[in-house]
Amino acid sequence: MDDEDVRDIEDLNREVTGRVHSIDSFTAVDGAGIRLIAFLQGCKKRCVFCCNVDSTDAAAFAPHASCGDPRHAGMEMTANALLEKLQRNIGYYRNGGGITLSGGECLLQSDFVEAVARGARAMGLTTTLDTASYGDEAMWNRVLPLVDEVLLCVKSPRRVRYRAITGSLGDDEYECMRAFLSSCEKHRTPTWLRFVLMTDEDERFAAYKTDDEDELLALARLAKSHANVRGIELLPYHQFGVYKFAELGLPYKLEGMRSPTMEEIDRARAFIESQGVVVLC
């Protein structure tokens, strides 16, 4: 790529701004190689297990939120400014590394995502989306050709449980997740399904449990029905984000839920693998 092409990309990115919650410059998770992760501000879902609730829309209207607190509004940043952070440490990100755009829900800011992904590709770096899906086919047709990998949090492969976990009132968000996965397949974008494993005998959590055989079978079938899906990443439920709900004065619906034991994790993994699906834990 010559200097004129680089200048064109810089001009394209200069006016595209986004709201960024926080940035982790060096990580070896959420994508291949060494990566910079940008957590974008804003998410319309109200997931019961959210560990970044301070990066969602809920945070801006929480009882203890302060309008002047940048955690609730995000830092305004141009795509170029974020790409400059990549450029400073580009030696670490080469050989398959790059940038991961997470959240919140990164696809709420699709113009910003598109500009950053385009710039990263021009630098010879990869772009990974860590998303629960948002948007429509027109948006995905713009963004996905610039994306090297998708980490899709499916919440649940079944409508009723999906709605319970995300707090959605209708099926639109569930249908969006399914349509986005199909779009990833159309664009041949390598995709991992991320799935939070929740189990507890307490009846208070019956609507949210995701470790029963019917749930895991539906998850495996979802993975096998799309040729671009490389496998499933099991994420055992944890309580790392509970304190953020407390700080914001937001109710935490899973208060008291325990994390899965290693035996329960191994059992879920073995069942999914028995269906012919690769599993990461």
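In which kind of crossing, left-handed or right-handed, does helix 8 pass helix 9? The structure examined here is a predicted model. In this model, helix 8 passes helix 9 in a right-handed crossing. Helix 8 covers residues 159-166, and helix 9 covers residues 172-186. Their axes come within 9 Å and cross at roughly 110 degrees. Angles of 65 to 115 degrees count as roughly perpendicular. Helix 8 and helix 9 are therefore roughly perpendicular to each other. From helix 8, the contact draws on R159, Y162 and T166. From helix 9, E173, Y174, E175 and M177 take part. By residue class, the contact of helix 8 with helix 9 holds three nonpolar, one polar and three charged residues.

Helix 4 spans residues 79-88. Helix 4 packs against helix 6 at an angle of about 35 degrees. The axes of helix 4 and helix 6 are 9 Å apart. Their crossing is right-handed. Helix 4 contributes A79, L82, L83 and L86 to the contact. Helix 6 contributes F112, A115, V116, G119 and A120. Eight residues of the contact of helix 4 with helix 6 are nonpolar, one is polar and none is charged.

Helix 10 runs over residues 213-224, and helix 12 over residues 262-274. The two pack at an angle of about 45 degrees, with axes 9 Å apart. That angle makes helix 10 oblique to helix 12. Helix 10 passes helix 12 in a right-handed crossing. On the side of helix 10, the residues are E213, L216, L217, L219 and A220. They meet A268, F271 and I272 in helix 12. This contact of helix 10 with helix 12 comprises seven nonpolar residues, no polar residue and one charged residue.

The largest pocket has a volume of about 1200 Å³. It is lined by 44 residues. Closest to its centre are F49, C50, C51, N52 and K155. Several strands supply at least two residues each to the lining of the largest pocket. They are strand 2 (35-40), strand 5 (126-131), strand 6 (149-153), strand 7 (191-197) and strand 8 (229-236). In the lining of the largest pocket, 24 residues are nonpolar, 10 are polar and 10 are charged.

The peptide bond from G103 to G104 is cis, with omega near 15 degrees. G104 sits in the loop between strand 4 (98-102) and helix 6 (110-122). Helix 6 is also the partner of helix 4 in the packing described above. The other detail concerns D30. Phi of D30 is near 60 degrees. This is a positive value in a residue other than glycine. D30 lies in the loop between strand 1 (17-27) and strand 2. Strand 2 also supplies at least two residues to the lining of the largest pocket.

Key: Residues numbered from 1 in each chain as written. Predicted model: local features only at pLDDT ≥ 70, side-chain atom pairs only at ≥ 80, totals over all residues. Heavy atoms only, no water. 1 Å grid on protein atoms, 1.4 Å probe; cavity = no way out; pocket = protein on both sides within 12 Å on 5 of 7 lines; lining within 4 Å. Points joined across faces, edges and corners; volume = space filled by probe spheres on them. Helix = DSSP H or I, 4+ residues; strand = E, 2+ residues; numbered from the N terminus. Nonpolar A, V, L, I, M, F, W, Y, C, P; charged D, E, K, R; others polar. Axes fitted to C-alpha atoms, helices over the stretch in contact; angles between N-to-C directions. Parallel < 35°, antiparallel > 145°, perpendicular 65-115°, else oblique. Left-handed = near helix turned anticlockwise from the far one by under 90°. Contact = heavy atoms within 4.5 Å.
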